[in-house]
Amino acid sequence: MPQGKLQVLLVSAKGLDNSDFLSSMDPYVLLSFRSQEQKSSVSTDTGSEPEWNETFIFTVSGDVSELHLKIMDKDNFSADDFVGEAKIPLDAVFEGGSLPPTAYTVVKDGEFKGEIRVGLTFVKERGHARGYEAEEVGGWKESSF
């Protein structure tokens, strides 16, 4: 069971399905990890090729298997439009420590809607990085080291 911090580098997207007919899309991303949710800035007037280059930190504890990205289009006079979503499996980053920016498929209703580039880094909680677990005993944490 991994414990530590997951650093998510939200780089860019391409080929997104433009939901605005008269103007360019203003996309942003909702990043969800278990009960934690964060929101990127709005990439104004970038249409289907937005760039963010933003970093987000999530606390990892317990059993988790994926990061969920929901791409939205900011609208001023109506509800924001859902563009698509990507689900990123995290097993490889928990085992290897990091993954360089990689393109993940964005889908909506089972159809391809573009790609989103995300880099991932996992930093294990101190104590877990050296191969030993901390055990709580009577209110004190005892190492098995």
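Helices (H or I, at least four residues) and strands (E, at least two) are DSSP runs, numbered from the N terminus. Keep that rule in mind for the first stop.

This is a predicted model, in which local features need pLDDT of at least 70, side-chain atom pairs count only at pLDDT 80 or more, and totals for chains, interfaces and linings use all residues. Residues are numbered from 1 along each chain as its sequence is written, and side-chain values use heavy atoms, with hydrogens and water left out.

**Stop 1: Ser12**

Select Ser12. This residue is found in strand β1. Is Ser12 buried or exposed? Ser12 counts as buried, at 14% relative accessibility. Buried means under 20% relative accessible area, exposed means over 50%, and partly exposed lies in between (1.4 Å probe, protein chains only).

Now show the neighbours of Ser12. Leaving out residues up to four places away in sequence, Ser12 touches Pro50, Glu51, Trp52, Glu115, Ile116 and Arg117. Contact here means heavy atoms within 4.5 Å.

**Stop 2**

Side chains of opposite charge can pair when their charged atoms come close. A salt bridge is a side-chain nitrogen of Lys or Arg within 4 Å of a carboxyl oxygen of Asp or Glu. How many salt bridges does a search of the whole structure find? The search finds three.

**Stop 3**

Select Lys113 and Asp17. They form a salt bridge, with the closest N and O atoms 3.3 Å apart. Here too, distant parts of the chain are linked: Lys113 is in strand β8, Asp17 is in the loop between β1 and β2 (27–33), and 96 residues separate them. Lys113 counts as buried, at 15% relative accessibility. Asp17 is partly exposed, at 39%.

Glu111 counts as partly exposed, at 48% relative accessibility. Shared partners join Asp17, Glu111 and Lys113 into one network of salt bridges.

**Stop 4: aromatic pairs**

Rings of Phe, Tyr and Trp (its six-membered ring) pair if their centres lie within 6.5 Å; planes under 30 degrees apart count as stacked, over 60 as edge-to-face and the rest as tilted. The count comes to two aromatic pairs.

Select Phe33 and Phe58. Their ring centres are 5.8 Å apart and their planes stand at 50 degrees, so the pair is tilted. Phe33 lies in strand β2 and Phe58 in strand β4 (residues 51–60), so the pair ties together parts that are 25 residues apart in sequence. Phe33 is buried, with a relative accessible area of 0%. Phe58 is buried, also at 0%.

Move to Phe94 and Phe122. The centres of these rings are 4.8 Å apart and the planes are at 70 degrees, so this pair is edge-to-face. Phe94 lies in helix α1 (residues 91–96) and Phe122 in strand β8, so parts 28 residues apart in sequence are tied together. Both Phe94 and Phe122 are buried.

**Stop 5: Lys39 and Tyr28**

Finish with Lys39 and Tyr28. Lys39 lies over the face of Tyr28, at 4.5 Å from the ring centre. A charge sits over a ring if NZ of Lys or CZ of Arg is within 6 Å of the ring centre and within 35 degrees of the ring normal.
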